[in-house]
Amino acid sequence: MISAVFTSQNLSRVSLVDLEHEVASKFGEADYLMFAIHPNADMQEYSAAIRDIFQTEKFMAFHVLDHFNNNQIKEEVISVCAIKFEKNASINEFYIEDISSKESLQKVTDYFNNNSNKFHFILAGVCDGQMGSFVETFSTKLNYSPIDNIVGGVSSGMEVDGEFRTYQFIDNKIIKNGLVVLSFSNMDTHVDVSLGFKPYGITYEITKAEGNRLYNIDDGKNFSYMIKKMLSGIDDKNDVRSLWYAPLTILSEEDGYMLTLRTVQKISDRYAEFFAPLNNGDHFKLSFATYEDLIEEDEKTAKRLIGKVPNPELSFNFSCIARQYVLEDKQSQEIQTYVDNFNTTLFGFFTFGEIGPDKMFKRLKFYNETSLAVVMREK
Amino acid sequence: MRDKIKIKILKNMLEEVTKKYDYFISLQNEKMKETFNLAIRDRLTGLYNRQFLDEHAKQAFGRLQRHDGNIILIFIDLDNFKYVNDSFGHAKGDEVLKKVADIFTHTFRSYDIIVRYGGDEFVVLIEDDKYDKDDIENILKNFVKKIEHTLGEFRISASYGYGVAPLEAKNMEKLIELADERMYIQKQNRKR
């Protein structure tokens with residue numbers, strides 16, 4: 001497999017033309033193209049432009065605030081990852097337009113269960129904060145093991161002209177409330193999860209949670225009161241991003257290992273709202289990390305990955321926007337760690353939630369503040 | 001960057017974790033105390049049980065070997081208790097036993113070991129530097145009077161016997177045997 005990432009000069013149709021010229025001259029004809037587009041771009045307009053300019057139907061596009069082309073973080077531009085297979089590998093497309101429809105859960109479950117021999121790459125929308133629940137629900141219905149063949153992220157976006165743009169485009173359709181899956185066949189792949197936050201103190205039990213909202217813990221204690229106290233002494237108590245240094249670590253019920261992270265989105269008097277769902281009976285610890293901790297864990301993750309798939313031909317990274325806050329001005333160090341270890345094309349995205357297996361590959365989890373990396377090589 | 005925020009968050013986290021640990025430890029201690037009490041107390045009356053008496057007696061006899069002093073062991077058996085159970089039912093019998101326990105705790109000192117030894121049998125183990133036979137007799141006579149007064153409607157009374165170590169016995173088995181024998185003699189005398 002040959003792969004490369006190319007980036008436009010800015011967000012315009014003219015730069016899209018330049019991008020096509022660059023791909024044609026430096027890469028040649030691709031079997032598949034993946035476009036990362038800043039949400040300032042109207043998906044309808046740009047997807048039509050891509051089809052016209054690149055003269056292909058074999059592509060998908062998705063919104064993302066920032067993405068990276070190898071070790072370069074790109075903002076307000078378009079990047080394209082061009083893929084050409086040299087042996088028998090291929091990509092199949094699957095998508096769900098609306099995850100709230102009755103049959104969507106069954107469709108997704110059936111698709112993954114019927115294609116357990118493929119590697120699936122998901123790009124999803126925020127879907128009013130429901131994507132986390134959707135992922136963790138269909139995860140419980142997967143009938144194969146280990147679950148080590150699914151990775152993905154939620155498109156990062158923003159409000160433009162009254163709509164919150166975290167869209168995908170595929171098969172002439174704009175997916176506003178669903179997800180897109182690219183399924184790779186005949187590939188050696190491996191996915192790994194870099195958390196980096198260390199859990200501290202005693203374990204708490206969630207006694208009242210609804211969706212992404214956490215009300216009570218332990219014997220009915222108001223969680224909102226506790227988390228507000230964590231902000232005491234900080235000048236701007238309304239800026240919950242300070243709490244992104246200390247997300248909740250959700251623990252496995254069976255053996256207590258770190259299952260996933262949950263990041264606070266907002267705090268009211270009665271509850272704290274997170275970027276992903278929490279369940280009654282879940283156990284968690286408080287955790288903390290500095291950028292050094294995160295990069296150290298990234299390094300370990302990269303080494304594990306390269307041990308599984310040496311000499312990869314393409315790599316992807318989904319890294320949470322909240323994680324970038326903790327990485328402070330060292331965001332590029334995380335990316336550089338992957339580039340240095342993988343020594344291949346890296347196409348990465350800053351996401352609003354990450355989708356990947358848990359540490360033991362037993363279930364699929366929806367993550368916050370996490371960096372998920374994938375390495376691939378054609379068989 | 002943002003070092004002040006990070007330090008503040010860490011300090012607040014430490015405070016929360018410390019509070020949580022304190023709470024957890026006090027909860028654990030309470031639970032341990034509860035479990036310990038369940039293991040050493042008689043569920044109905046709240047008095048100590050036989051297991052506790054055995055453990056406590058071992059320690060008391062150990063102390064007796066190291067220091068001067070006395071162990072006074074009193075064996076008390078209720079008279080007519082069977083009549084309460086047979087005539088008024090076991091629930092009433094339980095009520096009577098609770099009242100007896102209450103009289104016991106108001107008669108002896110908080111550090112004397114009052115034990116429900118069997119159904120209507122009780123043992124009191126007293127450790128004291130001095131032994132005054134008259135004092136003991138007075139206490140026990142008053143105790144019986146209180147029992148008879150409080151539980152007069154059931155015609156309940158009590159027989160007792162006691163022994164003193166090391167004066168009369170060198171170990172717990174002998175001491176109980178002695179007190180039990182004396183209680184039995186008193187009970188027989190009262191029946192005549």
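1. Interface area. In this predicted model, chain A and chain B bury about 1900 Å² between them, and carbon and sulfur atoms account for 65% of that area. On the chain A side, the residues that lose the most area to chain B are I202(A), M230(A) and F288(A), which together make up 30% of what that side buries. In terms of contacts, 27 residues of chain A meet 17 residues of chain B.

2. Polar and charged pairs across the interface. The rule gives 3 salt bridges between chain A and chain B. One of them pairs E328(A) with K6(B), with the closest N and O atoms 3.0 Å apart. Residue pairs in polar contact across the interface of chain A and chain B number 9, counting those with both partners at pLDDT 80 or more.

3. Where the chain A side comes from. Four elements of chain A each supply at least two residues of the side that touches chain B: β16 (198–210), α5 (223–229), β23 (283–288) and α7 (321–327). The largest share, 5 residues, belongs to β16(A). By class, this side of chain A has 14 nonpolar, 7 polar and 6 charged residues.

4. Largest pocket. Its volume is about 460 Å³. The lining consists of 21 residues, with V193(A), L195(A), E297(A), R304(A) and K359(A) nearest the centre. β15 (187–194), β20 (258–262) and α6 (291–308) of chain A each supply at least two lining residues, and α6(A) provides the largest share with 6 residues.

5. Second largest pocket. Here the volume is about 390 Å³. The lining has 26 residues, and those nearest the centre are V126(A), G129(A), Q265(A), F275(A) and F352(A). Elements of chain A that each supply at least two lining residues are α4 (131–139), β22 (272–274), α7 and β25 (346–357). β25(A) gives the largest share, 3 residues. This lining divides into 12 nonpolar, 11 polar and 3 charged residues. The helix α7(A) is listed both for this lining and for the side of chain A that touches chain B.

6. Salt bridges overall. Over all chains the rule counts 37 salt bridges. Among them is the pair R165(A) and D42(A), at 3.7 Å from N to O. R165(A) sits in strand β11 (residues 163–165) and D42(A) in the loop between β2 (32–37) and α2 (43–54) of chain A, so this pair ties together parts 123 residues apart in sequence.

7. Cis peptide bonds. Most residues other than glycine have a negative phi, and most peptide bonds are trans; the cases in this point and the next are worth checking by eye against that background. In chain A, the bond from S145(A) to P146(A) is cis, with omega near -5 degrees, and P146(A) lies in the loop between α4 and β9 (150–155). In chain B, a cis bond joins A165(B) and P166(B), with omega about 5 degrees. P166(B) is in the loop between β4 (157–165) and α6 (172–191) of chain B.

8. F361(A) has phi near 55 degrees and lies in the loop between β25 and β26 (364–367) of chain A. For R155(B), phi is also positive, about 55 degrees; this residue is in the loop between α5 (133–150) and β4 of chain B.

Notes:
Residues are numbered from 1 along each chain as its sequence is written. Chains are lettered from A and ligands numbered from 1 in the order in which they are written. This is a predicted model: local features need pLDDT of at least 70, side-chain atom pairs count only at pLDDT 80 or more; totals for chains, interfaces and linings use all residues. Side-chain values use heavy atoms; hydrogens and water are left out. Contact means heavy atoms within 4.5 Å. Buried area is the accessible area (1.4 Å probe) that two parts lose on being put together, summed over both. A salt bridge is a side-chain nitrogen of Lys or Arg within 4 Å of a carboxyl oxygen of Asp or Glu. A polar contact is a pair of N or O atoms within 3.5 Å; within protein, one must be able to donate a hydrogen and the other to accept it, and residues adjacent in sequence count only if both atoms are side-chain atoms. Ala, Val, Leu, Ile, Met, Phe, Trp, Tyr, Cys and Pro count as nonpolar, Asp, Glu, Lys and Arg as charged, and the others, Gly among them, as polar. On a 1 Å grid over the protein atoms alone, a cavity is a set of points where a 1.4 Å probe fits but cannot get out, and a pocket is an open set with protein on both sides within 12 Å along at least five of seven lines; lining residues have an atom within 4 Å of a point. Grid points are joined across faces, edges and corners, and a volume is the space filled by probe spheres set on the points.
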